[in-house]
Amino acid sequence: MSGGGPTGSAPASQQRAEKSRMEAASVPARAGRRGLTDSARSFISRYGLIGILLILPVAFGYSDLQREGDLSRLATNLKDGLSNGAILALVALGYTLVYGIIELINFAHGDVFMIGTFVSFGFFGTIGLTLATGPLGLVLGLLVTLILAMVACGTLNVMIERVAYRPLRNAPRLAPLVAAVGFSFILQNVGLLWLGGSHRSVPDLINSQKQLFEVAGVPVSQGDILAVAVTIPLVFVLAGFIVRSRIGKAMRATAQDPDAARLMGINVDTTISFTFLVGGLMAGAAGLISALYQTDVWFFAGFTAGLLAFTAAVMGGIGNLKGAVLGGLIIGCIQQISDNRIGTEWTPAIVFAYLVLILVFRPQGLLGEQTREAG
Amino acid sequence: MLRVRFLAVATSCCALTFGVAACGDDDEGGGSTTAGGKTLTIYSSLPLQGASRPQSEDVIKGERLALKQAGNKAGDVRIKYVSLDDATAAAGKWEAGQVSANARKAAQDKNAIAYLGEFNSGASAISIPILNEAGILQVSPSNTALGLTKSGAGAEPGEPNKYYPTGKRTYGRVVPIDTIQGAAQAQYMKDEGVTSLYVLNDKEVYGLGVAKNTEDAAKKLGIKIAGTDGWDGKAPNYRALAGKIKASGADAVFTGGIIDNNAPQLYKDLNAALPDAKLFGPDGVATVDMTKEIPPKVQAKTYLTAPTVAPDELPPAGQKFYKDYQAAYGEAEDQIDPYAVYGYEAMSATLAAIEKGGDDREAVIQAFLDTDKEESVLGPYSIDEDGDTTLTNYGAYFAKGGKLVFNKVIKGQTS
């Protein structure tokens, strides 16, 4: 049996010593490989994501340059995407605010937005806003409608929190989730009773698709201006409010650690209600913009918009305000490019494929989660 | 205490939800069931919720008028008329589960002798096999999709045989099929100077079929096809799609689909992106509701076809129908939906078949398939072996002042 393998004939103690030497020798090599993998993963996470986001625009931009010699069609897609995405961003803010503070996916939020579109549509008729209304009357009327839609949706959202979510604050996490789905159906049915099951045309009060000016071959319409002009100030006001105001700080403290916040004298229930109020206000504003921009309201619109807005919030990093806005704008752009270049039947698949890819490369979303789970 | 309050609210909400759901229940119309003689039931299944409701209501009025004028009888048989709703409030249009439930209701009724419906071809694709197995005559006042009765361009693979599991035909219609409508549409486009056409469909059985038939007919007349696409009835707007069509250089767009699939929004967005393009639509959008929902500048570019011609283009029986209808229901002539007369004819032809076949379902079906009328509200026609009418007239319409305005008669030439 002499001349056997190195471990075959050696005593057991010698084998163990040999094994431990080999393991010790392999540690730096594995660490080196792991380090390499981590840095590759980090590189892919940082730059691969940018690559993924740029796949469609670069591919179609190249195609446009080859065929038409300019990028105006792609720029028009992106412009339309930004104005559509601005509406989604406002809705996404409500999802992200609520998730950030109580870690609940408020499935009813999209339907609160739908109620905002209905309130706006109904109030146009109540105050007699028609195509014949003069510019001053129109601006004043729309301002009043904006306030009313925001207040209505804010109040509704607070009531939902008070009735459905607060009693379940300490229940298993599935319970408020089911309550949210239930409220989503209730609001859909309210919409159904209110205006029926068909799409309803809204008077085109702002002449939404009238071209105002053109920049480098990209037509900019009145609807585009409205969407951006209402969304940007609201987002800045909201961001400033959360960073600087006392209640905003309380919201952030509650989001980080509700028990510690309570110990520091913060009324957590009031703070959570306030968060729902703010989310509802944003949904109301989005409701008015949507009614004017799309010139169409439908009881089911909240489901579709809510799904996309929630996707936007996850894509941007749930709980992250800037992330929700960025996610909304990106989804708006993907939708427009897909609708315009690939086909409307593929759009939902493409949007969600993007979401999956982004989450594979960056599970915390584009700008990172800001939740208790994420730290 | 909180839990009790929550439960109370939850219970109220459930009650509200069920209450809303109950609002979508079937509407059961009256009928003659007086003593003496056999009483059989004719079911009608049409969408009574959503954008198609006004259209369906006029069809039902037409059906009721025919039944009333026949004294609620077909020969010696007394007829009970039951109106069912194939739409749900939540869908806002016909819904597969509801269609299936309606067809099963008729199939399980031993007194059922005929079933008038569905309004939409996609819905009939669901009810035909159920009624075929039950051996009940089904007559649609409005289905135009080719594949329900014939194979060929515009039909899906396996059509129409997959709808008839017994191998026998039990379905027929009194409205011309989409190969004829497609030909009429193409002729209308040619007459209006269209040279390049973009073809859209709403991805339903009817929309896909009529779009394909129109595309084929347009090619035959030398109209260039700039592109084809589908539209999503749930999308909030169609600006990107309209932009794509604009880039194709088309001077007209054909929208194969139904009003319930957000057609007014599609027309608004198409007009905004292509203000000079003409917008053509088939009978699925040729409704009074459609013309009311689109603004005047869009109406001015809208050209529609429907299988109905103006009352004064109809034979004397057809003109009498319009007078009787107005007398019975007090509706102005221009407010009567084009399909009301088809509701009347569907009922008349069915009553004639029952008069010949009595309470024998098979004999009634055969009698309907043997229909050969020298006189009807639609003019002389017969039913071929597939269950299709030999009528070919299509009405070309404008949209003006929120109404459908008759333009001219176009004969659909399929060869």
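This is a predicted model: local features need pLDDT of at least 70, side-chain atom pairs count only at pLDDT 80 or more; totals for chains, interfaces and linings use all residues.
Residues are numbered from 1 along each chain as its sequence is written, chains are lettered from A in the order in which they are written, and side-chain values use heavy atoms, leaving out hydrogens and water.

Let's start at the interface. Chain A brings 36 residues to the contact and chain B brings 37, with contact meaning heavy atoms within 4.5 Å. About 3,000 Å² is buried between the two chains, 53% of it from carbon and sulfur atoms; buried area is the accessible area (1.4 Å probe) that two parts lose on being put together, summed over both. On the polar side, 13 residue pairs (both at pLDDT 80 or more) are in polar contact between chain A and chain B. Such a contact is a pair of N or O atoms within 3.5 Å; within protein, one must be able to donate a hydrogen and the other to accept it, and residues adjacent in sequence count only if both atoms are side-chain atoms.

Now for chain B itself. Asn143(B) sits in the loop between strand E7 (137-140) and strand E8 (171-173), strands being DSSP runs of E, at least two residues, numbered from the N terminus. Asn143(B) counts as buried because its relative accessibility is 0%, the cut-off being under 20% relative accessible area (1.4 Å probe, protein chains only). Its side chain reaches the backbone oxygen of Glu118(B) at 3.0 Å, and a polar atom of that side chain lies 3.4 Å from the backbone oxygen of Asn120(B).

Note on methods:
Helices (H or I, at least four residues) and strands (E, at least two) are DSSP runs, numbered from the N terminus. Buried means under 20% relative accessible area, exposed over 50%, partly exposed in between (1.4 Å probe, protein chains only).
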